[in-house]
Amino acid sequence: MSGGAVVAYIDGGARGNPGPAGYGVRIEAGDGSLLEELSGAIGVATNNVAEYRGLLAALTYLDRHGYRDIVVRSDSELLTRQMLGQFKVRHPRLQPLHRQAGALVGRLGRVRFEHVPRSANSAADRLANAAMDGARSPRQPAGGAARGVIAIGVDIESIERVGQLLERYGPRFVERIFTTGEAAYSLRRRHPAQHLAARFAAKEAAMKALGTGRAAGVLWRSIEVVRGAGPPQLRLHDEAARRFEALGGRDALITMSHSGDFALAQVLLLGP
């Protein structure tokens with residue numbers, strides 16, 4: 001490893017596997033000094049999904065801040081070997097996360113993966129455990145202090161892929177995934193695939209934050225991105241709204257962006 005390489009320590013876990021899950025990331029400069037610490041609760045997930053969510057959080061941060069010489073250290077042998085191409089990714093829940101991570105690695109340039117013992121990953125482990133502890137008690141006791149963020153979801157989607165689906169299936173694809181309002185807004189834009197991809201990513205991010213994925217009655221069209229004169233707003237319907245309420249949610253924040261072929265969305269669920 002060159003002296004100038006940035007080192008990202010990543011970890012993730014779940015109470016119950018699957019259960020309330022979270023990730024932690026510590027990013028250091030080549031001299032070992034702290035650059036950033038990241039953590040987040042991700043709702044109900046498995047240990048392996050949480051590990052990948054930590055990886056995606058680290059790679060997204062590094063990409064946004066322009067780092068191009070990177071070492072990723074994890075105590076997950078499975079994740080490390082999958083990212084090195086030594087193990088196949090067989091689980092359907094991990095396959096899209098692995099593709100997203102691979103796409104970010106391709107953008108970043110020089111990225112190396114190293115498996116380390118848990119004892120060498122204590123800082124990321126501490127952050128992940130704190131995130132899991134927060135995920136275990138999403139409801140705020142009456143009269144207590146503000147809970148703040150109770151869950152975070154992040155997703156990346158290929159604009160080219162969405163464009164191909166739009167070209168191949170047309171209205172069938174649009175009507176299956178997007179609400180009438182989302183379709184009307186996106187299709188009148190100069191590059192509709194770009195806007196549809198951002199909304200696709202937003203729906204996936206919201207499902208991750210809710211802890212359901214596309215299951216338990218939470219459907220694509222039950223999550224809607226509404227865009228008026230101001231910033232985009234997230235509107236939940238039917239089972240997605242009921243799940244949000246059960247988590248103790250009071251508000252949801254969403255950010256969407258795109259760069260090159262990728263659209264990125266992040267959803268934060270806020271408590272009372």
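User: What does the side chain of Ser-76 reach?
Analyst: The side chain of Ser-76 reaches the backbone nitrogen of Leu-79, at 3.1 Å. Keep in mind that this is a predicted model.

User: Where does Ser-76 sit?
Analyst: Ser-76 is in the loop between β4 (69-74) and α2 (77-83).

User: Is Ser-76 buried or exposed?
Analyst: Buried. Ser-76 has 8% relative accessibility, and buried means under 20%.

User: Which residues does Ser-76 touch, leaving out those up to four places away in sequence?
Analyst: Glu-51 and His-115.

User: Let's zoom out. How many helices and strands are there in the protein?
Analyst: There are nine helices and 10 strands. The radius of gyration is 19 Å, close to the 19 Å that the globule rule gives for 272 residues, so the protein is as compact as a globular protein of that length.

User: What does the C-alpha trace span along its principal axes?
Analyst: About 50 × 50 × 35 Å.

User: And how much of the protein counts as buried?
Analyst: 50% of the 272 residues.

User: What about contacts between residues at least 6 apart in sequence: how many join residues at least 24 apart?
Analyst: 66% of those contacts do.

User: Which of them gives the most to the lining of the largest pocket?
Analyst: α3 does, with five residues.

User: How do the lining residues of the largest pocket divide by class?
Analyst: 20 are nonpolar, eight are polar and 11 are charged.

User: What volume does the second largest pocket have?
Analyst: About 250 Å³. Its lining has 13 residues. Nearest its centre lie Tyr-23, Leu-38, Ala-57, Arg-64 and Gln-266.

User: Which elements each supply at least two residues there, in the lining of the second largest pocket?
Analyst: β3, α1, β6 and β10 (262-270). α1 gives the most to this lining, with five residues.

User: And what classes make up the lining of the second largest pocket?
Analyst: Eight nonpolar residues, four polar and one charged.

User: How many cavities of 30 Å³ or more does a search of the whole structure find?
Analyst: One. The largest cavity holds about 50 Å³ of space.

User: Which residues line the largest cavity?
Analyst: Tyr-23, Arg-53, Leu-56, Ala-57, Ile-152 and Val-154. By class, five of the lining residues are nonpolar, none is polar and one is charged.

User: Which elements each supply at least two residues of that cavity lining?
Analyst: α1 (47-64) and β6 (149-158). With three residues, α1 gives the most to the lining of the largest cavity.

User: New topic. Where does Phe-178 lie?
Analyst: Phe-178 is in the loop between α6 and α7 (180-187).

User: Is Phe-178 buried or exposed?
Analyst: Phe-178 counts as buried, because its relative accessibility is 1% and the cut-off for buried is under 20%.

User: What does Phe-178 touch, again not counting residues up to four places away in sequence?
Analyst: Phe-178 touches Phe-173, Ala-183, Leu-196, Arg-199, Phe-200, Lys-203 and Arg-221.

User: Leu-196 and Phe-178: what separates their C-alpha atoms?
Analyst: 8.2 Å. The two residues are 18 apart along the chain.

User: Last one, Gly-106. Which helix is it in?
Analyst: Gly-106 is in helix α3.

User: Why does Gly-106 count as exposed?
Analyst: Gly-106 counts as exposed because its relative accessibility is 61%, and exposed means over 50%.

User: What separates the C-alpha atoms of Gly-106 and Leu-34?
Analyst: 25 Å, with Gly-106 and Leu-34 lying 72 residues apart along the chain.

Key. Residues numbered from 1 in each chain as written. Predicted model: local features only at pLDDT ≥ 70, side-chain atom pairs only at ≥ 80, totals over all residues. Heavy atoms only, no water. 1 Å grid on protein atoms, 1.4 Å probe; cavity = no way out; pocket = protein on both sides within 12 Å on 5 of 7 lines; lining within 4 Å. Points joined across faces, edges and corners; volume = space filled by probe spheres on them. Helix = DSSP H or I, 4+ residues; strand = E, 2+ residues; numbered from the N terminus. Nonpolar A, V, L, I, M, F, W, Y, C, P; charged D, E, K, R; others polar. Buried < 20%, exposed > 50% of the residue type's maximum accessible area, 1.4 Å probe, protein only. Polar contact = N/O pair within 3.5 Å; in protein donor to acceptor, adjacent residues only side chain to side chain. Contact = heavy atoms within 4.5 Å. Rg over C-alpha atoms; globule rule 2.2 N^0.38 Å.
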